2 protein chains.
Amino acid sequence: MAIAEPLTRNEDGIATAVAILAQRFGERLSTSGSVREQHGHTTTWIQNQPPDAVVFATSTQEVSEIVRICADHHVPIVPFGTGTSLEGHLNAPCGGISIDVSGMNRVVAVHPEDLDCVVEPGVTRKQLNEYLRDTGLFFPIDPGADASLGGMASTRASGTNAVRYGTMKDNVLGLQVVTPDGSVIRTAQRAKKSSAGYDLTRLYVGAEGTLGVITEITLRLQGIPEAISAAVCSFPDVEAACNTVIATIQHGIPVARIELLDTLQMKACNAYSKLDYPEMPTLFVEFHGTEAGAAEQAERFGEIAAEFGGGSFSWTTREEERAKLWQARHDAYWAASALRPGARAFATDACVPISRLADCVRETMEDIAELGLIAPIVGHAGDGNFHVSALIDMNDPAEVEKARDLSARISARAIAMDGTCTGEHGIGQGKQPYLERELGPALDVMRAVKRALDPQNIMNPGKIMRL
Amino acid sequence: MAIAEPLTRNEDGIATAVAILAQRFGERLSTSGSVREQHGHTTTWIQNQPPDAVVFATSTQEVSEIVRICADHHVPIVPFGTGTSLEGHLNAPCGGISIDVSGMNRVVAVHPEDLDCVVEPGVTRKQLNEYLRDTGLFFPIDPGADASLGGMASTRASGTNAVRYGTMKDNVLGLQVVTPDGSVIRTAQRAKKSSAGYDLTRLYVGAEGTLGVITEITLRLQGIPEAISAAVCSFPDVEAACNTVIATIQHGIPVARIELLDTLQMKACNAYSKLDYPEMPTLFVEFHGTEAGAAEQAERFGEIAAEFGGGSFSWTTREEERAKLWQARHDAYWAASALRPGARAFATDACVPISRLADCVRETMEDIAELGLIAPIVGHAGDGNFHVSALIDMNDPAEVEKARDLSARISARAIAMDGTCTGEHGIGQGKQPYLERELGPALDVMRAVKRALDPQNIMNPGKIMRL
């Protein structure tokens with residue numbers, strides 16, 4: 001028996017599974033309304049659809065047991081890390097069990113000599129970097145939120161450092177996964193590269209929990225650069241800022257971070273983070289290297305920025321100043337939300353070939369103006385990736401419709417520019433119509449993979465695509 | 001009807017398909033013995049198993065037609081690029097049709113502003129770099145042979161530059177694939193990153209033609225570095241050379257190439273390429289960067305090498321000298337083969353976490369001595385990847401057995417060290433027993449994917465794993 005689409009609840013199976021799990025896990029199973037709600041989607045405009053129960057797992061063995069019980073009774077499973085995903089990945093549209101792995105938060109091993117480590121999926125990126133502090137190493141992927149590494153793997157997360165260090169796809173060496181029948185597999189050994197069969201590691205990275213539950217992750221680490229310098233640089237308009245980014249990438253400057261914030265976002269950040277940056281389109285940049293190397297990069301970037309009318313900017317190599325700068329960038333989402341108290345952010349995510357970035361952002365700003373929305377723009381511009389957070393009153397259907405329209409226009413535009421409707425947030429529930437438009441016939445292959453690996457459709461059903 | 005395992009020939013289906021294809025493709029279908037033999041495996045000790053016919057395809061549409069005809073008649077398909085794979089990937093153990101895509105060798109588009117290009121699968125890496133010559137860009141992946149990019153994608157190839165630029169998995173942005181029912185899909189748009197559904201790109205990269213035929217590839221390109229310097233450095237023993245590599249990687253020096261050749265291999269190279277390098281364990285290295293950056297890297301590397309007893313070495317930035325150096329490295333396989341005229345090379349390929357490289361190579365040399373084999377060692381040491389070419393008389397069963405024993409020992413050792421039985425050659429026919437040992441239960445997931453995407457088992461059957 002498989003969970004049917006359109007999605008329906010298997011009431012008897014759920015009741016039986018919850019009863020068995022309650023007996024087995026005692027107080028580590030919760031059916032309280034607030035816990036359930038907190039384990040559904042909570043971050044954006046997408047409606048909360050809570051699971052029927054939450055089990056707090058502490059080991060791979062326990063995850064395997066839970067999955068077997070759910071499989072026996074045809075009950076959906078939704079893996080949960082920190083709940084920071086943005087496209088409804090955690091919702092349980094036909095009910096089922098949320099497996100909360102936040103307690104699986106041990107750093108299993110660090111191999112400084114091999115520049116890698118092994119972690120449980122509930123370890124967060126900040127926790128890992130704190131743990132690594134004395135090793136001279138760090139884990140570079142930084143989506144802003146202090147997300148769990150299991151969740152980051154599942155959504156193929158990236159963020160500010162991706163322009164230099166890649167995304168989760170590039171930084172996961174191997175995974176331990178509990179498959180939908182409760183078996184435990186390892187996708188790869190710890191060698192830096194391999195041609196040993198199908199690349200299951202990258203099949204599970206970005207699968208959004210629809211093919212199995214990640215229970216252990218082997219990650220590449222990086223040496224902390226000898227020198228790090230950061231700066232903030234204002235531009236007369238967004239196009240000038242984008243064109244600076246394009247030229248920086250095209251010149252091969254190995255910038256570690258290059259982030260775009262539009263005027264509205266800068267106003268929001270100044271207010272929220274108590275800063276006094278010029279309220280103009282701005283790039284936040286960071287360079288990593290040797291002392292000489294980082295200085296050389298900064299100098300070249302400065303020349304490019306000046307060509308496009310970039311204002312004077314001050315460099316800092318002091319860690320606390322850099323931390324303040326990047327905290328403000330990471331708080332951009334909350335800062336934006338604070339622009340309109342009571343509103344919810346309708347987050348979008350698009351990524352285009354770098355040469356199209358200025359066009360895509362400019363046309364998007366025209367849309368925002370035409371629709372009369374309050375919608376600041378931020379972006380991991382070095383990858384051609386940007387976000388718009390339309391702040392809307394969820395009780396006003398006309399506003400919701402406008403935000404949907406904006407999101408649809410951005411997705412269509414990015415796809416028309418040979419880009420994608422999601423650079424890093426994933427598909428979840430929110431982006432499904434656009435995925436169909438973007439990859440069309442390839443979805444049949446994805447569906448065949450899903451049906452083969454999860455024939456009952458119990459792993460996070462209703463995500464990525466209709467079957 | 002599916003092709004059964006153990007593999008059997010579908011005589012009637014093959015005869016019918018060959019007749020239909022002959023009518024459709026005329027002289028572009030060949031059943032000549034020499035053409036067929038040349039399209040089976042030809043490079044190593046593995047026995048040649050020719051296809052029944054070879055079709056020279058010129059377009060995606062034609063590949064789709066051929067696949068449909070083969071699918072209709074349950075006939076195996078083996079995609080062919082340049083024939084340089086090493087593990088029997090091109091053999092047709094139950095007959096069928098070789099689709100030769102070497103004529104699909106157009107560079108479809110170059111997008112210098114986005115640092116990417118689109119090519120047909122028969123374009124070779126040298127052809128692409130020749131084509132790119134005036135753009136200031138290059139494609140870095142370099143497995144030695146002038147392989148086709150379709151073949152390189154299919155085997156997840158890497159080679160000398162991978163230590164800095166990654167492998168094919170990191171450098172393919174998207175693929176066009178003809179699936180086993182003749183449909184044509186695209187796996188991704190041209191954005192630099194994406195979270196749009198399952199990572200089909202990386203499912204087909206390394207699938208060795210067992211899931212579909214790659215008919216177009218979008219590749220990332222790199223800017224040609226402002227400065228390139230290369231050098232050759234000798235060491236008192238292999239361990240000292242390996243330890244220099246380990247320290248170089250651990251210090252985060254972004255070396256572009258760092259290649260190990262043992263004493264026997266250096267003798268072979270001197271003889272074959274008419275060189276006069278010291279006949280000692282040697283590293284060939286190359287640095288890419290700005291003038292200052294490359295010089296800084298070289299200086300730091302020199303300090304490390306000296307610590308481990310590395311001899312004096314001369315740097316060169318002259319292109320023709322570098323070309324000569326790397327040609328000698330690329331000819332290492334042929335140079336090794338020439339050490340024992342009439343012998344065939346029994347090529348191995350292992351990759352271990354970098355900290356275990358010296359141990360793995362030392363223990364392997366002890367095996368070679370114990371078995372009394374002539375077997376030089378070369379390696380992409382910066383990735384922990386090395387090869388041994390045992391030169392054996394294929395008519396002497398005792399020698400063949402010794403070479404098999406050596407290969408089995410190396411694979412088992414690499415796996416025991418948390419490494420892989422293949423860093424870059426792939427599984428094909430030759431490495432199947434070791435894949436089972438390396439990933440065990442994960443093979444059930446690979447089999448499920450294979451059965452779902454190729455239910456008739458017509459795409460390159462008998463490769464990677466038994467179903």
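This is a predicted model: local features need pLDDT of at least 70, side-chain atom pairs count only at pLDDT 80 or more; totals for chains, interfaces and linings use all residues.
Helices here are DSSP runs of H or I with at least four residues, numbered from the N terminus.

**Helix 14 of chain B**

Helix 14 of chain B covers residues 357-371, 15 residues in total. From first C-alpha to last it reaches 21 Å, close to the 21 Å expected at 1.5 Å a residue. Just after this helix, B:Gly372 adopts a positive phi of about 65°.

Which residues of helix 14 of chain B are buried? They are B:Leu357, B:Ala358, B:Cys360, B:Val361, B:Thr364 and B:Ile368. Viewed down the helix axis, these buried residues fall within an arc of 165°, so they line one face of helix 14 of chain B. An α-helix has 3.6 residues a turn, so residues three or four places apart point the same way. The face turned away from the buried side carries the exposed residues B:Glu366, B:Ala369 and B:Glu370.

What do the buried residues pack against? Their partners within chain B are helix 9 (238-250), strand 17 (350-351), strand 18 (377-380), strand 19 (385-392) and helix 15 (397-416).

**Domains of chain A**

Chain A is divided into four domains, tabulated here.

| Domain of chain A | Residues |
|---|---|
| Domain 1 | 11-102 + 448-453 |
| Domain 2 | 107-223 |
| Domain 3 | 227-334 |
| Domain 4 | 336-430 |

The centres of domain 2 and domain 3 of chain A, taken over C-alpha atoms, are separated by 28 Å. Between them, 5 residues of domain 2 of chain A are in contact with 10 residues of domain 3 of chain A. On the domain 2 side, the touching residues divide into 1 nonpolar, 3 polar and 1 charged.

**How the two chains meet**

The contact takes 72 residues from chain B and 72 residues from chain A. Several elements of chain B each supply at least two residues to its side, among them helix 7 (168-171), strand 9 (184-186) and helix 11 (291-307). Which helix of chain B gives the most? Helix 17 does, with 8 residues. The residues on the chain B side divide into 29 nonpolar, 26 polar and 17 charged.

Definitions and conventions:
Residues are numbered from 1 along each chain as its sequence is written. Chains are lettered from A and ligands numbered from 1 in the order in which they are written. Domain bounds come from an automatic or database domain assignment. Two residues are in contact if their C-beta atoms, placed from the backbone, lie within 7 Å. Ala, Val, Leu, Ile, Met, Phe, Trp, Tyr, Cys and Pro count as nonpolar, Asp, Glu, Lys and Arg as charged, and the others, Gly among them, as polar. The expected span of a helix is 1.5 Å times one less than its number of residues. A residue is buried if 20 or more other C-beta atoms lie within 10 Å of its own, exposed if 12 or fewer, and partly exposed in between; C-beta atoms are placed from the backbone. The arc is that of the directions from the helix axis to the C-beta atoms.
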